[in-house]
Each structure stands twice: as structure tokens, then as C-alpha cells.
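Trainee: I am new to this one. Can we walk through its aromatic rings together?

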Amino acid sequence: MMKKKGSILIMILCFFISFTLTSCNKEQNDILKEDILKEDTVSVEDITTNEEKENTIEEDESSQPPLTIRDIPSIELVKEFQIGWNLGNTLDATGGGALLTSEMSWGNPKTSEEIFITLKETGFQIVRIPVSWGNHLGPEPEYIIHDVWLERVKEIVDYAIDNDLYVILNMHHEEWHFPSYDNLEKARTILTKVWAQIADEFKDYDEHLIFEGMNEPRMKGTALEWNGGNAEARDVINQLNQSFVDTIRNSEGNNPYRHLMIPTYAASSDPKTWKDFVIPEDDKIIVSIHSYTPYNFALNIGGTAQWSSENTRDTKDIDYLINNIYNSFISKGYPVIIGEFGALDKDNTQARVDWAKYYMQKASEKGIPCIWWDNGAFTGGGELFGLLDRRENIWKHQDIVDALMEGISNKEEIE
Ligand code: GLC
């Protein structure tokens, strides 16, 4: 009996133990499963997090796309073009106020892509596009450029870039940057606000797009306007040039590597005005000089119509100009572009042909690209600098254009 009782007890005990073990196992399994689930959940979360992280990294990287501009000094870049053409009296024209019709307000037609095709086919390698922004800005303090104006400027820049031309986008007739200490802060504010917007708009363009900060900053309306100004004006211009460079360098995309042009006082070719000219430390700066030389032949309507390459009295001014530029800038490693040159039509085609060839020859021998000022004017009492009839898209002075091309000293290399 005792044995029977004992075995019953043992059975109960076994059942109990086995139940306990099973339930323990179950609990353990559940805990394990939970852990696995937890682990699963954790790991899924982790993967997601990592993917997100990767995305963020990619996003970070993609917010700074690789540079699409060649990192070369300007002294190298200027070897790639010798002869250029100004789209004068067009986007720089100031008639018509804030309207887009200001482009036509000085008598030129609406700019078409066809003329850039002609320029390229003729052998021009670079175009300067002067733009006056002052009438196309919103109020202070932001000075927002009117959308439609910026879009139109971009459209024309693209006509040139799409046809494989270099472009200098220039700031031209502005009434707000009189170079004096009194006006400095206002001028600096507008200059930097406007250039920051232009820089942003064109940030992805490569080295084919050059920015030129100002045109001919000078003491407009004073007796010193064309005589080199005074020390204050030249200092203010130095400061404005530096602010322009800083603005572009601190902007996005390719702009830290963009080639920039800065003018001397009034973009003057007179060495007296260069003595306190400051060039910011930066290997992508080009000095901008304008020179309608000799003045009496090239720019003075009441001057002479005669010029001959046979006569040293005529040629010496061009020689002097080019040697000065070479000695003061190029020999010291600072590249120069003659951003405006040309000779007025005084019904003197042969003299202009000789002059154009001589000028180009001398400049290109020393590595100075020159950009003809073409204001589209062929008749009337004003400055007749027109070469290209933009309405018909034909050269009205093919012989002068040919002379410019012949004057390029290393023409074979370009072709
Ligand atoms: C200056 C002026 C331009 C003028 C040219 C020749 O660049 O900005 O309008 O036609 O010189 O005088």
C-alpha cells in the first residue's frame, strides 16, 4: 500500500515537474521569441535608420555636386580667346524704365540667337554682354532683380554659351555707385545684393561665363570724371572691386572658381590711374581696360579720320598702350582684357581697316584679348561703332571684321 501511495506521489511529482518545466520552457521560449522579435524590430529599425543615414549622406553630397568648371588661373584662360564683340546699347540701354522694352530703347532690335551663330562662324570667340540693372530692381534693402529681367538676361547669355562662345556678363550704366566715401556703404550694399543674385542664378555655369563687376566707375558729372578722378574715388573703387570679388567667392556652385573682371578707375588706359589700383589676391582675376586709341581718330567725332600703319605718328599710341599694359600687368602675372575698343565710322573704311589689323596684331602678340564695342549704330550724328547689322544678321563692314581676324597673331592655333 505504501508502495502504491509512493508511486502515486512520484507520478504527481513527475507531472508537476514536467508541467513546471514545460511552462518554464514556454516562458523562456516566449522571452526568447520576444527577444528575437525585439531584436528583429531593433534591427529593422536600425537598417531603416542606416538607410536614412545613407540617404542623408547622399543628400549632403548631392547638395554639393562636383565642380563643373576648370580650375585654371585667368592668365591661362585668356589664352583661349583673342577677339570679342560687345552687345552694345542693348541690355545696357536705360530707356523705357523697368520694362523689358528697355532692350530696344536705344534703337537696336530684340536680340536673337542668330547673331551669336554669325559671331561664332565669323571667328569671334567671346562676347561681352553689358547689362544695366538699376531700373530693374525692387526696393531697398533687398534690391530684388525683377524676375523677367533676370530671365531675359539669362536667355541671351544662353544664346552665346549654347553657341560655344565665352561670355563676359558686365554691370554697365549704374547711377548708384558714385565713388565717394559718403556713398560707399550704399554703393557696396547695392553692388553686393545685386551680384549675389546674379551669382546664384548662374552658379552652375562653367568657365565660359565671366563676371565683370562694374563698367567705368568714375566721378560722373565732375571735372575729374575723365582725368583719373581723385585718390578717394580710386580707393572707393578698390573697395567696391574687393566687395564684388568677395560676394562671388562666397556664393555657391562654381562661383568660388569663376573668372572675374575688375575695372581700373573708369576702366582707364592711362597709367596714371593705375598707380594705386589694388588687385585682390586671387588667381582668377582679369583687369578690365577700355581703350579707343588714339582718341582723336577712334572716339573723338570731331577728330581726325586719318590713320595709317605706315606712319609712326599714328601707330605710337597703340604701341605705348600695349607696352604699358604689358609692363604694368601682364609681365607681373595679371591678365588684362581690353573690354571695349573700336574706331568710329567717319566714312574712312581703309583707315579703320588698317587700324583694326594693327591694333589686334599688337594686342594679341602680348596676349591681350580685345572686344569690339558694337553699338549697332550706322547712321546719324552719334558714335557709329556698328559692324553687324542685327536686323539682317549680316556684317555691314566685312572688311573691318576681316582685318580684326587677320590681325590675330596666332590665328592658325585658334582655327
Ligand atoms: C562706354 C559707355 C558706352 C559708350 C562707350 C563709348 O563704355 O558705357 O555706352 O558707348 O563707352 O563711348
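**Aromatic rings, step by step**

Mentor: This is a predicted model, where local features need pLDDT of at least 70, side-chain atom pairs count only at pLDDT 80 or more, and totals for chains, interfaces and linings use all residues. Residues are numbered from 1 along each chain as its sequence is written, and side-chain values use heavy atoms, with hydrogens and water left out.

Trainee: How many aromatic pairs does a search of the whole structure find?

Mentor: Rings of Phe, Tyr and Trp (its six-membered ring) pair if their centres lie within 6.5 Å. Planes under 30 degrees apart count as stacked, over 60 as edge-to-face and the rest as tilted. Searching the whole structure gives 17.

Trainee: Tyr292 and Phe385 form a pair; what is the angle between the planes?

Mentor: The centres lie 5.3 Å apart. The pair counts as tilted, with the planes at 45°.

Trainee: Is Phe385 buried or exposed?

Mentor: Buried means under 20% relative accessible area, exposed over 50%, partly exposed in between (1.4 Å probe, protein chains only). Phe385 has 0% relative accessibility, so Phe385 is buried.

Trainee: Phe341 and Trp355 form an aromatic pair; is it stacked or tilted?

Mentor: Their centres are 5.9 Å apart.

Trainee: Which residue lies over the face of Tyr326?

Mentor: A charge sits over a ring if NZ of Lys or CZ of Arg is within 6 Å of the ring centre and within 35 degrees of the ring normal. Here the distance from the ring centre is 4.9 Å, and the residue is Lys366.

Trainee: Over which ring does the charged end of Lys396 sit?

Mentor: Look 4.7 Å from the charged end of Lys396 for the ring centre. That ring belongs to Phe378.
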